[in-house]
Amino acid sequence: MYSLRRWWDRHGLQVGLVAIAIAGAWGVQQTQGALIFEIFSTITRPFQSSPSAQDQIEKARMMAQSERLVELENQNLKLKELLGYVTKTKSQGIIAPLIGRSSDHWWQQVTLGRGSSDGIKKDDIVTGAGGLVGRVQSVSANTSRVLLISDPSARVGVTISRSRNMGFMRGQGANRAVMEFFDKVPDVRPGDMVSTSPVSELFPAGIPVGRVESVNLSKSPAPEAIIELSVPINVLEWVEVKPSKILPDKQLSAPPPVQDTRSTEEPQIYPDGSQSPEAEKPSEPQPNDPIDASTETPPPQEQDQP
Amino acid sequence: MHPQTRRLLNTLVTLASLLLCLLILPSRLPGMTLLGIGPNWLLIWVVSWSVKRSQFLGAAAGIALGLIQDGMTSAVPSHAISLGIVGILTARLQKHRYIQEDFISVALIVFGMSLVAEGITAVQYSFLGQRSLTEIWDDQQLVGLSSAILSSLWAPVVYFPLNVWWGRMKLLESS
């Protein structure tokens with residue numbers, strides 16, 4: 001007992017301090033390093049590329065325009081190819097500056113200078129000049145951490161724009177990714193454009209991802225293609241964050257469930273008896289924009305017409 | 001100076017240096033990267049800390065910093081394991097007095113420890129089984145070597161001021 005007490009007298013302080021240090025570190029880990037990123041964002045604020053306000057607005061506008069262009073091109077393509085099936089994603093994103101890179105060499109992550117106070121949520125979609133950037137992994141008040149699609153743990157459902165062959169893509173670090181096809185003999189050539197696929201559970205369809213660099217059809221178990229990502233993440237300064245397409249109550253958001261939820265909403269939006277039978281048809285709700293249907297903008301228009 | 005104030009000041013300086021390392025971590029300053037990979041500042045700090053301390057303190061610092069880095073990236077695979085082991089190994093090295101303690105030897109220790117730390121991370125990835133082994137170990141070569149070279153080059157920047165400070169504090173403590 002005495003020796004224990006003597007040991008405690010000698011080492012008690014040290015043990016206590018170490019316990020506090022570990023507990024503090026554990027606290028930081030549990031809060032996803034929010035404190036550190038907040039301090040980082042505060043300190044780097046003067047160094048963040050903040051040109052004149054005019055410049056900034058110009059840049060944002062240009063980005064939004066090119067974003068819209070890409071969006072419209074994709075929609076046009078799909079409209080032609082998949083007659084009757086349209087998903088429109090309205091560009092209403094939050095423009096966020098890129099303030100930090102990954103804190104570790106194994107992860108492909110970036111830190112954005114906007115957070116939950118600007119309306120960014122976990123799982124939001126991040127796009128930039130050139131296409132898809134990644135997905136928001138964690139959010140603090142003024143920063144958010146994005147897992148890039150070039151990270152090996154990132155999986156994205158993608159499709160070859162020309163032949164509509166589908167597969168999934170996993171990152172390979174830097175600006176390369178590997179696409180594995182679902183088909184045994186996919187129709188794919190180097191140079192083909194790759195975009196997110198309509199069956200992707202995490203990303204909206206039709207966001208450009210990259211270009212096929214080389215193809216390996218003899219690869220087992222599935223044919224593979226190396227994809228060069230179209231977003232120059234190393235030089236990117238601004239990105240756009242859009243809300244995720246995951247519905248809070250629906251984990252599976254493949255097209256059929258989405259149609260179901262809309263067809264159940266449709267009779268409530270259109271109280272008119274003549275319109276409700278049409279709305280119940282599974283093919284009818286498709287031309288409608290899912291975002292429009294949820295933001296309750298159509299009902300006033302519908303009421304104005306009669 | 002009063003011993004209590006001195007101890008408090010010592011703690012504050014140590015914590016400030018640690019915070020500085022944490023804040024540099026997500027930034028990629030120009031001229032400080034190799035293939036997009038920067039120095040592993042936390043590892044440099046852990047080595048600087050452990051070089052003249054016991055294994056217990058080395059491991060504690062490594063685990064604490066590892067947990068913080070886990071929070072800043074992802075908890076799986078854990079950095080606490082690799083940095084903890086780095087802390088223990090560095091403290092052990094000092095005990096045997098194989099290496100004289102100066103700039104170059106610290107840079108060498110950091111070089112070796114970077115390889116060890118990235119190796120441990122790669123082993124953890126291998127056990128997780130999310131990725132193929134060839135991919136992981138190709139990555140390990142790239143990440144391990146780049147980070148080892150850069151970390152060892154930048155190690156004196158962290159080590160020198162901290163070593164001088166802690167040395168002076170110890171001198172005051174003993175006098």
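Begin by selecting strands β1 (94–101) and β2 (109–112) of chain A, which run antiparallel and are joined by three bridges; strands here are DSSP runs of E of at least two residues, helices are runs of H or I of at least four residues, and both are numbered from the N terminus. Two strands are taken to pair if DSSP finds at least two bridges between them. The model is predicted, with local features needing pLDDT of at least 70 and side-chain atom pairs counting only at pLDDT 80 or more, while totals for chains, interfaces and linings use all residues. Residues are numbered from 1 along each chain as its sequence is written, and chains are lettered from A and ligands numbered from 1 in the order in which they are written.

**Along β2 of chain A**

Show the side chains of β2(A) next. A:Leu98 stands opposite A:Leu112 in this strand, and A:Arg101 has A:Val110 as its bridge partner. In a regular strand the side chains alternate between the two faces of the sheet. Here both faces are covered, with A:Gln109 and A:Thr111 buried on one side and A:Val110 and A:Leu112 buried on the other; a residue counts as buried if 20 or more other C-beta atoms, placed from the backbone, lie within 10 Å of its own, as exposed if there are 12 or fewer, and as partly exposed in between.

From β2(A), move to strand β5 (residues 144–148) of chain A, which is antiparallel to β2(A) and joined to it by four bridges. A:Thr111 has its bridge partner, A:Arg145, in β5(A).

**The barrel and its helix**

Now select β1, β2, β5, β4, β3 and β12 of chain A, six strands that close in this order into a barrel with antiparallel pairing. Neighbouring strands of this sheet are turned by 45° against each other on average, direction ignored.

**A hairpin in chain A**

Select residues 155–160 and 166–171 of chain A, the antiparallel strands β6 and β7, which five bridges join. They form a hairpin with five residues between them, and A:Arg164 in the turn has a positive phi of about 60°. A:Thr159 stands opposite A:Met166 in β7(A). β6(A) also pairs in the antiparallel sense, over three bridges, with strand β9 (residues 193–196), where A:Thr196 stands opposite A:Val158.

**Where the chains meet**

Display both chains: 29 residues of chain A are in contact with 29 residues of chain B, contact meaning that C-beta atoms placed from the backbone lie within 7 Å. On the chain A side, α1 (2–30), α2 (34–44), β1 and β2 each supply at least two residues, and the largest share, seven residues, comes from α1(A).

**Chain B**

Finish on chain B, which has six helices and zero strands and in which 43% of the 175 residues count as buried. Select α6 (residues 133–174), which spans only 52 Å between its end C-alpha atoms, whereas a straight helix of 42 residues would span 62 Å, the expected span being 1.5 Å times one less than the number of residues. A kink of about 40° lies in this helix at B:Trp154, shortly before B:Pro156; the bend at a residue is the angle between axes fitted to the seven residues ending there and the seven starting there.

Terms used. Two residues are in contact if their C-beta atoms, placed from the backbone, lie within 7 Å. Axes are lines fitted to C-alpha atoms, for helices over the stretch in contact, and angles run from 0 to 180 degrees between N-to-C directions.
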